[in-house]
Amino acid sequence: MIITPPPAAAADGHVADMYTSDISADGFVFGHTQAMAVNPEAHAAFETLIRAVVPSIGLRVYEAATLGAAREIGSTHCLLAHGRKSLRAGVVDEAGLAAFADDDDSAFTAPEQAVIRYAAKLSSDAASMTDADTLALRDAGYSDRQIVDITLAAAARNYFSRALLALAVPVDVVPGLDPTIARALTRGTVG
């Protein structure tokens, strides 16, 4: 990463909050946090967007959209971070996460699998999407608001993941994630 993040000793405001959150949770500041600290206003806006979409869809569906997008993009950062978040939140267990890494989404409910497929298509070929793609979400039981928020969650993951990849942000070891699961999640990813 060629950009120079704000040093921890000089961090204040939102940057200090970002750094403190990482240190409190994991004992160090992640590379992705440091990269986003260069523009703390953009990071805060991203967090506000996420807080606006999660209430209608819930954490399980948000993580399904996030993981589906991250897997399709090949985002190591986001697969590791959201793999751990999904485990800790009880969205999926280790066996289910390992299966997900091998393109087996059976650990997720049928409606969540529809979200994963939708997020993957949004992440790989959004220009070809039609009403049939959103109809799959409707058929899975999602409301208009939920369809919009699933779309925003997957699109937001594209924004964040692609920014980290473009900036060549180093990938950190994610504490508390079994190394075997981490290796499975990152097979074939780009960074």
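I began with Glu112, which is buried, at a relative accessible area of 4%. For me, buried means under 20% relative accessible area, exposed over 50%, and partly exposed in between, with a 1.4 Å probe and protein chains only.

A note on what I am reading: this is a predicted model, where local features need pLDDT of at least 70 and side-chain atom pairs count only at pLDDT 80 or more, while totals for chains, interfaces and linings use all residues. Residues are numbered from 1 along each chain as its sequence is written, and side-chain values use heavy atoms, with hydrogens and water left out.

**Entry: the partner of Glu112**

Which residue forms a salt bridge with Glu112? I found Arg60, with the closest N and O atoms 2.6 Å apart. A salt bridge here is a side-chain nitrogen of Lys or Arg within 4 Å of a carboxyl oxygen of Asp or Glu. The pair links distant parts of the chain, as Glu112 sits in helix α6 and Arg60 in helix α3, 52 residues apart. Helices (H or I, at least four residues) and strands (E, at least two) are DSSP runs, numbered from the N terminus. Arg60 is partly exposed, at 31% relative accessible area.

**Entry: other salt bridges**

My search of the whole structure gave seven salt bridges. In one of them, Arg71 pairs with Asp105, the closest N and O atoms being 2.8 Å apart. Arg71 belongs to helix α3 and Asp105 to the loop between α5 and α6, 34 residues apart. Asp105 counts as buried, at 12% relative accessibility.

I also looked up Asp133, whose salt bridge with Lys121 has its closest N and O atoms 3.2 Å apart. Here helix α7 (residues 131-139) holds Asp133 and helix α6 holds Lys121, 12 residues apart. Asp133 is buried at 15% relative accessible area, whereas Lys121 is partly exposed at 29%. Salt bridges with shared partners join Arg71, Asp103 and Asp105 into one network.

What is Val115 in contact with, leaving aside its neighbours within four places in sequence? I listed Val61, Ala64, Ala65, Leu137, Tyr142 and Ile150, taking contact as heavy atoms within 4.5 Å.
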